[in-house]
Amino acid sequence: MCSACGFPAKPGHWTDAGASSPAERLRLRFIRLASVNRLLAPWGLKAHDDGATPGLQLFAPGGARVLVDDLESLWLEAARMAGEPIDPLSARALDHEG
């Protein structure tokens, strides 16, 4: 863990369950990011994690970008960018083949 910024964050959020080391937390972040991007694809949105910055960057097709702290914030911002509610468990999200 970086002693200056504390990244990657200490485990504590339920999405970090099963990761006991910084390397495992990073690996889980990238696995989670791939899943999030599959769920965002039907709305043309994409998330990015550079592995060095806490949080995620969310991109809209027009180039708009926002930095979010966590998955809850990501879904709220994604809905705002898409102009409609986004349910990651909806058939639209789960059945999309990208």
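The model is predicted, so local features need pLDDT of at least 70, side-chain atom pairs count only at pLDDT 80 or more, and totals for chains, interfaces and linings use all residues. Residues are numbered from 1 along each chain as its sequence is written, and side-chain values use heavy atoms, leaving out hydrogens and water. Helices (H or I, at least four residues) and strands (E, at least two) are DSSP runs, numbered from the N terminus.

- Three strands make an open, antiparallel sheet in the order 1-2-3; strands pair if DSSP finds at least two bridges between them.
- At the edges are strand 1 (46-48) and strand 3 (65-68), each pairing on one side only.
- On average, neighbouring strands of this sheet are turned by 25° against each other, direction ignored.
- Strand 2 (residues 56-59) is joined to strand 3 by four bridges, and Gln57 stands opposite Leu67 in strand 3.

**Helices across the sheet**
- Helix 1 (residues 22-40) lies across strand 1 and strand 2, at about 160° to strand 1; angles run from 0 to 180 degrees between N-to-C directions, with axes fitted to C-alpha atoms, for helices over the stretch in contact.
- Helix 2 (residues 71-82) lies across strand 1, strand 2 and strand 3, at about 15° to strand 2.

**A look at helix 1**
- Buried residues (under 20% relative accessible area, 1.4 Å probe, protein chains only) of helix 1 include Leu28, Leu33, Val36 and Leu40.
- Their cover includes strand 1, strand 2, helix 2 and helix 3 (91-94), where contact means heavy atoms within 4.5 Å.

Note on methods. Buried means under 20% relative accessible area, exposed over 50%, partly exposed in between (1.4 Å probe, protein chains only).
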